[in-house]
Amino acid sequence: MTTPHIRRRVLLGVAAGGLTALLAACGGGGNGSSSNDDSTSNSTGKGTQVTAELSDFRIKLSTEKFQPGQYTFTAKNTGSHDHALEIEGPGGEDRSKTLEPGQSTTLTVTLKSGSYEVYCPVDGHKDRGMETDITVGGAPAPSDDNDTSPGNGY
Ligand SMILES: [Cu+2]
């Protein structure tokens, strides 16, 4: 005799649980903003941080992917000669001070879409290999398409 009542209570409980789940899902969207903390911490400096290692005679950047915006390059002279970092392109030209071996400095630049030349302006170093080209914005590398191919569900 009491069984039908119990069943109704169970059904009500499930319905209430479903509402709670929906509300939780909405709240979860708000909590998702916590993942933005990563970008917030990035912007605590002046734009995106990039490391440029200046050695004899190469320039090694910590990233090769650039989007338009502000960047702070940390140039480190890991070689045994004086080096400096110069960035030249659509946004203009910026040059760090000349670094003695072991020294480092920062260079804040605002990059615009286009091709930039990153090189060492110290005599002859550019010709000896201290030069690299970067592309700001533009088309993603073909390998990125491979990364998204599993998402064929879209
Ligand atoms: Cu140099």
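Me: Which protein atoms are the donors of the copper ion?

Reply: Donors are N, O and S atoms within 2.8 Å of the metal (3.2 Å for Na, K and Ca); water is not among the atoms, so sites may look incomplete. Here the copper ion has as its protein donors His83 (ND1), Cys120 (SG), His125 (ND1) and Met130 (SD), at 1.9 to 2.8 Å. This is a predicted model, in which local features need pLDDT of at least 70 and side-chain atom pairs count only at pLDDT 80 or more, while totals for chains, interfaces and linings use all residues. Residues are numbered from 1 along each chain as its sequence is written, and side-chain values use heavy atoms, with hydrogens and water left out.

Me: Why is the arrangement around the copper ion called irregular?

Reply: Four donors count as tetrahedral if all angles lie between 85 and 135 degrees; four count as square planar and six as octahedral if opposite donors are over 155 degrees apart and all others between 65 and 115; anything else is irregular. The 4 donor atoms here subtend angles of 86 to 135°, which makes the arrangement irregular.

Me: What spacing do the donors of the copper ion follow along the chain?

Reply: The spacing is H-x36-C-x4-H-x4-M. Histidine 83 sits in the loop between strand E3 (69-77) and strand E4 (86-89), and cysteine 120 in the loop between strand E7 (114-119) and strand E8 (131-136), so the pair ties together parts that are 37 residues apart in sequence. Histidine 125 also lies in the loop between E7 and E8. Helices (H or I, at least four residues) and strands (E, at least two) are DSSP runs, numbered from the N terminus.

Me: Which residues does histidine 125 touch?

Reply: Contact means heavy atoms within 4.5 Å. Leaving out residues up to four places away in sequence, histidine 125 touches Phe57, His81, Asp82, His83, Cys120 and Met130.

Me: Which residues of the largest nonpolar core touch the most other members?

Reply: A nonpolar core is a set of buried Ala, Val, Leu, Ile, Met, Phe, Trp, Tyr and Cys residues joined through side-chain atoms within 4.5 Å. The largest one has 24 residues, and Leu61, Phe66, Phe73, Leu85, Ile87 and Leu111 touch the most other members. At least two residues of this core come from each of strand E1 (48-55), strand E2 (58-61), E3, strand E6 (104-111), E7 and E8. Apart from neighbours within four places in sequence, leucine 111 is in contact with residues including Phe66, Ile87, Tyr116 and Ile134.

Me: How many helices and strands does the protein have?

Reply: There are 3 helices and 8 strands, following the pattern α-α-β-β-β-β-β-β-β-β-α along the sequence.

Technical notes
Buried < 20%, exposed > 50% of the residue type's maximum accessible area, 1.4 Å probe, protein only.
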